[in-house]
Amino acid sequence: FSSIKRSEQSNIWVGMAKETAHQFGTPISSLMGWLEMLKINYKEPDKVLDITEEISNDVEKLNKITYRFSKIGAKPELAKKNVIDEMKQVIAYFERRLPQTGKSVELKISGDEKACAEINSELFEWVIENLIKNALDAIEGTSGKIEISVKEFKKRVEVEVTDSGKGIEMKRRKDVFRPGYSTKKRGWGLGLSLSKRIIEGYHGGKIFVKSSMPGEGTTFKIILKSC
């Protein structure tokens with residue numbers, strides 16, 4: 001029993017290390033790309049200003065990631081927030097960086113523009129980022145769609161993230177939130193496990209696979225308390 005416990009703890013540390021590297025990897029790769037563009041466009045002031053703004057966004061992203069990890073294990077402060085506004089920031093960040101992935105993916109968001117929920121912005125954004133990254137990994141070809149919808153009811157807000165990826169087999173649906181589970185050869189899946197903890201442990205909500213069909217795509221659903 002002690003040996004199994006030590007093995008589990010070791011795996012969690014490995015998972016956290018890889019998740020940290022994964023989180024920092026996106027903005028760092030992006031920064032490297034912007035620096036190359038600066039070298040190419042250094043004589044064009046308008047392009048330089050645009051690139052420096054994106055560099056600033058990536059530096060801010062690194063600060064956010066540091067903050068997120070510092071909040072694991074601590075009780076986060078929740079505030080009343082417009083759900084769509086919070087997610088639009090995440091989508092805008094990904095849209096500028098999608099060309100670097102080599103995929104042509106359409107990111108869309110729709111629903112109740114005034115939907116309000118009690119959330120911690122930094123941690124909620126982390127969950128949406130994890131779902132978008134998961135969706136991007138699931139899209140095997142060079143093109144696809146990721147659609148996010150928001151609906152508000154009397155006491156709850158429902159968020160659905162749907163991709164046109166490879167889908168998840170029925171018997172694997174519960175496994176996707178298990179620490180260590182990953183459909184990829186690289187990595188040690190921890191993103192969705194952390195997302196579950198953030199939504200259910202910190203926000204008192206729910207997150208689950210609503211539907212999935214192999215070869216057709218997957219829909220993840222989040223339920224939050226409304227304002």
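## Contacts and overall composition

Two residues are in contact when heavy atoms lie within 4.5 Å. In this predicted model, residues 24 or more positions apart make up 74% of the protein's contacts with a separation of 6 or more.

The protein contains five helices and seven strands, arranged along the sequence as α-α-β-α-β-β-α-β-β-α-β-β. Of its 227 residues, 41% count as buried.

## Strand pairing around E4

Strand E4 (residues 143-152) pairs with strand E2 (residues 104-111) in the parallel sense, over eight bridges. Within this pairing, Leu107 has Ile146 of E4 as its bridge partner.

Strand E4 is also joined to strand E5 (residues 156-163), here by seven bridges and in the antiparallel sense. Ser149 stands opposite Glu160 of E5. Three residues separate E4 from E5, and the two strands form a hairpin.

## Nonpolar cores

The largest nonpolar core has 43 residues, and Ile132, Ile146, Val159 and Ile222 touch the most other members. Helix H4 (residues 121-138) contributes the largest share of this core, with nine residues. Apart from this core lies another, of five residues, including Trp34, Ile51, Ile55 and Leu62.

What surrounds Ile146, once its neighbours within four places in sequence are left aside? The contacts of Ile146 include Val105, Glu106, Leu107 and Lys108, and Leu107 is also its bridge partner. Further contacts of Ile146 are Ile132, Ala135, Leu136 and Ile139, together with Val161, Thr162 and Asp163. Among these, Ile132 is, like Ile146, one of the core residues that touch the most other members.

## Helix H5

The buried residues of H5 are Gly191, Leu192, Ser193, Leu194, Ser195, Ile198, Ile199 and Tyr202. In an α-helix there are 3.6 residues a turn, so residues three or four places apart point the same way. After H5 comes Gly204, which has a positive phi near 65 degrees.

Conventions. Residues are numbered from 1 along each chain as its sequence is written. This is a predicted model: local features need pLDDT of at least 70, side-chain atom pairs count only at pLDDT 80 or more; totals for chains, interfaces and linings use all residues. Side-chain values use heavy atoms; hydrogens and water are left out. Helices (H or I, at least four residues) and strands (E, at least two) are DSSP runs, numbered from the N terminus. Buried means under 20% relative accessible area, exposed over 50%, partly exposed in between (1.4 Å probe, protein chains only). Two strands pair if DSSP finds at least two bridges between them. A nonpolar core is a set of buried Ala, Val, Leu, Ile, Met, Phe, Trp, Tyr and Cys residues joined through side-chain atoms within 4.5 Å.
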